[in-house]
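Subject: Structure handover, cavity and salt bridges

Hello,

Please find the structure below. My notes on its cavity and its salt bridges follow.

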Amino acid sequence: MTPADMGRAFSYLFAYRTCSTHPEGRRRRDGEAQVAGILTSEISGYQDFEAFLNAQGFTMRAYEQGAIGVAARGQVFVMARRCTDEQAPYIDSGWVFERMRDRRGTEPLEHVVVWAAQLWATMQWFFYTRLDRGIDAVGRFKEAFVNLSQLTRELQDQIETMRTRGAPADERGRAVWEILTESTGSSIETKVRKFLAAMEEAALLDRIEGEGEVQYRQTLNAAVEMSLNFERQAFYLMPADEADGPPAEDAVVGMIEGVHDSNGARLSGDIIASFPDE
């Protein structure tokens, strides 16, 4: 694989995240056939291309489309994020929080981060726990749907349960509890709407329109990233004592600040932020 081929493939995958030899249900994108040809013919260059992607904070995975239910034939290539502490300097991890700020832009960052983490965890609950879906069941992304009403209602129910139970004793959990429980029904719906729009912009959700309410479906790219980055993105959704329930305050704290593994090493959270010092 020549440097020019690497650059062409990376540029395409950075824009679209997936490249198919035989796309189904859509027209070929500009440049897709050329990049698919590069990726299917340059087997010997994969190692160099993978090293190049790793340096940018990405990795590539190839799937037979029939095996994961994408199409009857052909291959699909997915460029997924590697959730490491080292990311390329041009990757802006804070834009999602800016999209979720209130209209005046005055909402404290720690509030926006808590809402993003809670919404992310709840969305994954719909996509995995509710479906009894394994984290490595990439092909089941086509079953993973949620809409504005469902996500809003689930979040409202979670917050009402938090209010009834009262604030946690630990400081970090109490901070999350206070941020979430001060919300109103209309503000929750607004935050859900902003979050879904941001996830669609990030190519983690596809907007599916038809009769009735608009549905949002997990993308193949999002399913692959989840399977690769389980400890950082989904580990927090499955606490031992609440395996079948929606995420609580400790899950949000874990996503924001990270947890420690059995050897005491810190596993950084997927949400790149932290609570302010108190």
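What volume does the largest cavity have? Its volume is about 30 Å³. This is a predicted model, in which local features need pLDDT of at least 70 and side-chain atom pairs count only at pLDDT 80 or more, while totals for chains, interfaces and linings use all residues. Residues are numbered from 1 along each chain as its sequence is written, and side-chain values use heavy atoms, with hydrogens and water left out.

Cavity

The structure holds one cavity of 30 Å³ or more. A cavity here is a set of points on a 1 Å grid over the protein atoms alone where a 1.4 Å probe fits but cannot get out, and a lining residue has an atom within 4 Å of a point. Points are joined across faces, edges and corners, and the volume is the space filled by probe spheres set on them.

The lining of the largest cavity consists of Trp120, Met123, Gln124, Phe127, Leu204, Gln218, Ala222 and Met226. The largest share, four residues, comes from α5. By type, the lining has six nonpolar residues, two polar and no charged (nonpolar: Ala, Val, Leu, Ile, Met, Phe, Trp, Tyr, Cys and Pro; charged: Asp, Glu, Lys and Arg; polar: the others, Gly among them).

Salt bridges

There are 13 salt bridges in the structure, each a side-chain nitrogen of Lys or Arg within 4 Å of a carboxyl oxygen of Asp or Glu.

Within helix α1 (residues 3-16), Arg8 and Asp5 are three residues apart, about one turn, and their closest N and O atoms are 3.4 Å apart. Arg8 is partly exposed at 35% relative accessible area, whereas Asp5 is buried at 15% (buried is under 20%, exposed over 50%, partly exposed in between; 1.4 Å probe, protein chains only).

Helix α6 (residues 148-165) holds Glu160 and Arg163, also three residues apart, with an N to O distance of 3.4 Å in their salt bridge. Glu160, at 44%, is partly exposed, and Arg163 counts as partly exposed at 33%.

Asp206 pairs with Arg217 at 4.0 Å between the closest N and O atoms. Asp206 lies in strand β5 (residues 205-208) and Arg217 in strand β6 (residues 215-218), so this pair ties together parts eleven residues apart in sequence. Asp206 is partly exposed, at 32%.

Finally, a network of salt bridges links Arg17, Arg81 and Glu225.

Regards

Note on methods
On a 1 Å grid over the protein atoms alone, a cavity is a set of points where a 1.4 Å probe fits but cannot get out, and a pocket is an open set with protein on both sides within 12 Å along at least five of seven lines; lining residues have an atom within 4 Å of a point. Helices (H or I, at least four residues) and strands (E, at least two) are DSSP runs, numbered from the N terminus.
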